Amino acid sequence: MSAGTIKKVAGPLVIAEGMREANMFDVVRVSDARLIGEIIEMHEDQASIQVYEETSGLGPGAPVETTGVPMSVELGPGLIGNIYDGIQRPLEEIMAQTGGNLLQRGVEVPSLKRDKKWPFVATAAAGDVVEAGDIIGTVQETDVVVQKIMVPYGVSGKIKKIDSGDFTITETIAVITDDNGKDVDVTLMQKWPVRKERPYKQKLSPNMPLVTGQRVIDTLFPIAKGGVAAVPGPFGTGKTVVQHQLAKWADADIVVYIGCGERGNEMTDVLNEFPELKDPKTGKTLMERTVLIANTSDMPVAAREASIYTGITIAEYFRDMGYSVALMADSTSRWAEALREMSGRLEEMPGEEGYPAYLGSRLAQFYERAGRVISLGKEGREGALSVIGAVSPAGGDISEPVTQATLRIVKVFWGLDSSLAQRRHFPAINWLTSYSLYLENIGAYFSESVEEDWNELRNRMMVLLQDEDKLNEMVQLVGMDALSAPDRLKLETARSVREDFLHQDAFHEIDTFTSLHKQYMMMRLVLDYYDNSIEALEKGAKVDDLVNLAVREAIGRFKYTPENELKGEYDKIIGQLNQEIQECLAKKEDE
């Protein structure tokens with residue numbers, strides 16, 4: 001360990017001299033208070049250190065000591081259900097130790113409990129030949145998550161000894177004799193540097209959807225398993241509710257939620273709600289498969305910069321076990337602000353709007369760690385890590401640098417719209433500005449697994465919504481009376497798509513989640529109404545009669561039908577639709 005002394009302090013940036021022995025990205029301990037910091041720039045024997053704690057009271061001459069290791073997270077049993085800050089300090093443990101609600105400086109608490117014993121069940125035996133990534137045993141971490149204990153990266157050889165039983169995370173559970181004849185002790189815990197992507201064997205094509213149960217997402221703008229999506233939107237448009245819905249309902253085994261620079265009261269809502277949310281898949285609390293990282297806006301700004309790397313490293317660890325993981329980052333704008341502040345203190349040349357020139361490459365490094373992969377090890381497990389990042393552009397202006405840099409990287413854009421939110425249309429995802437570039441890859445999945453004509457119906461619905469936008473402009477100029485009968489029907493059907501299909505109540509016990517099969521039925525009902533009405537119109541039926549059919553109410557209420565009653569209700573509505581269309585035609589003949 002080398003030691004230096006502080007030369008200059010500028011907010012969270014400390015410049016120390018006498019650091020020739022240290023390396024870039026080493027973790028250091030600053031002053032006698034032993035504050036945690038990380039070296040982010042080296043210049044001769046001077047090191048620029050971003051300190052992850054409050055630096056008030058520091059002065060020149062105080063000692064700085066390097067640990068010689070990069071910023072790393074502890075990976076092992078005890079992660080699930082925990083609440084960490086941006087550098088993986090367990091907030092509940094610190095609160096119990098200090099007895100206060102505010103983080104105290106220099107507190108040293110291990111990320112994973114050292115005294116708790118975990119029931120380890122060995123699945124490998126002495127004499128087995130193993131390589132990095134092979135599973136040698138399991139730990140039942142919560143009622144719903146089994147942690148698979150893997151051979152650490154860089155270790156391969158023959159198992160000399162392995163035991164089942166109750167162990168702490170630092171006790172040796174197995175000894176592996178490596179290829180050089182050296183014995184390597186394996187524990188339940190691994191450490192991994194946060195800025196380095198965890199290795200895998202192969203990245204797979206994103207050809208399966210991450211089913212979320214949210215109709216506007218699954219049908220119109222789907223995200224692939226292992227995909228990346230951005231949710232930009234101004235204040236009050238429902239970004240956080242969208243992320244909560246995805247955390248609850250997305251087809252993922254593990255959820256990692258990063259509150260990055262969010263307001264304290266918003267993070268409090270998350271911390272209070274998640275333990276109370278009933279997981280629809282297991283009936284237990286959602287926290288039994290969730291890791292929370294809380295880095296509120298009043299916490300030191302440098303730790304905010306580290307928080308997304310901490311979160312994605314934990315997510316990659318569960319992906320390597322073969323789980324599907326969904327990571328929510330709320331919000332990357334606050335993370336970019338932290339980057340801008342540190343860049344300014346380092347006196348770097350500013351880029352657009354003061355953000356550093358490397359903003360785009362840092363965002364890409366984060367999002368590129370998502371994907372569906374074959375993990376290391378002989379078994380070749382398939383795991384997926386999907387990343388959904390919320391962006392909070394100032395004043396809702398999506399032309400600002402963070403949103404634009406994000407859109408160049410991600411393949412799904414769910415644009416939240418304040419005018420939709422004001423009209424109480426939730427989720428307020430604007431169907432005219434949003435897009436998904438995964439449609440081509442995952443279209444085949446919908447055709448094969450749901451219904452053959454899924455993609456055709458989806459495209460027809462999109463065309464109706466786009467035509468509605470053009471027709472509305474005409475109506476505002478010349479009035480509704482100037483529209484032809486087919487155009488009036490088109491407008492009415494598009495209204496039905498908006499109000500009956502796209503509008504979804506996150507707090508309704510049935511409407512909160514819609515299976516793909518039910519989404520198909522809902523599309524089918526709306527478009528069957530349109531097709532039958534157009535046909536009846538050609539045969540002379542009156543447009544007013546078709547617009548006011550009683551069956552439209554039933555079509556609108558179909559979304560509240562429980563999953564086990566879908567078939568009967570669907571057949572009943574189709575029968576009613578056919579009957580009412582026939583009555584319209586009979587009425588015309590009577591006249």
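How many salt bridges does the structure hold? The structure, a predicted model, holds 36 of them, a salt bridge being a side-chain nitrogen of Lys or Arg within 4 Å of a carboxyl oxygen of Asp or Glu. In this predicted model, local features need pLDDT of at least 70 and side-chain atom pairs count only at pLDDT 80 or more, while totals for chains, interfaces and linings use all residues. Residues are numbered from 1 along each chain as its sequence is written, and side-chain values use heavy atoms, with hydrogens and water left out.

One of these salt bridges pairs E305 with R195, whose closest N and O atoms are 2.9 Å apart. E305 belongs to helix 5 (residues 301–320), whereas R195 sits in the loop between strand 17 (190–193) and strand 18 (202–204), so the pair ties together parts that are 110 residues apart in sequence. Helices (H or I, at least four residues) and strands (E, at least two) are DSSP runs, numbered from the N terminus. E305 is buried, its relative accessible area being 3%, and R195 is partly exposed at 27% relative accessibility. Here buried stands for under 20% relative accessible area, exposed for over 50%, and partly exposed for values in between (1.4 Å probe, protein chains only).

A salt bridge also joins the side chains of R381 and E379, with an N to O distance of 3.3 Å. In this pair, R381 is buried at 6% relative accessibility, while E379 is exposed at 54%.

Another salt bridge is formed by R488 and D544, their closest N and O atoms lying 2.9 Å apart. This pair links distant parts of the chain, 56 residues apart: R488 is in helix 12 (residues 485–502) and D544 in helix 14 (residues 543–547). R488 counts as partly exposed, at 24% relative accessibility, and D544 likewise counts as partly exposed, at 42%.

D528 is located in helix 13 (residues 516–538) and is buried, with a relative accessible area of 16%. Which residues does D528 touch, not counting residues up to four places away in sequence? With those left out, D528 touches Y570, I574 and L577, where contact means heavy atoms within 4.5 Å.
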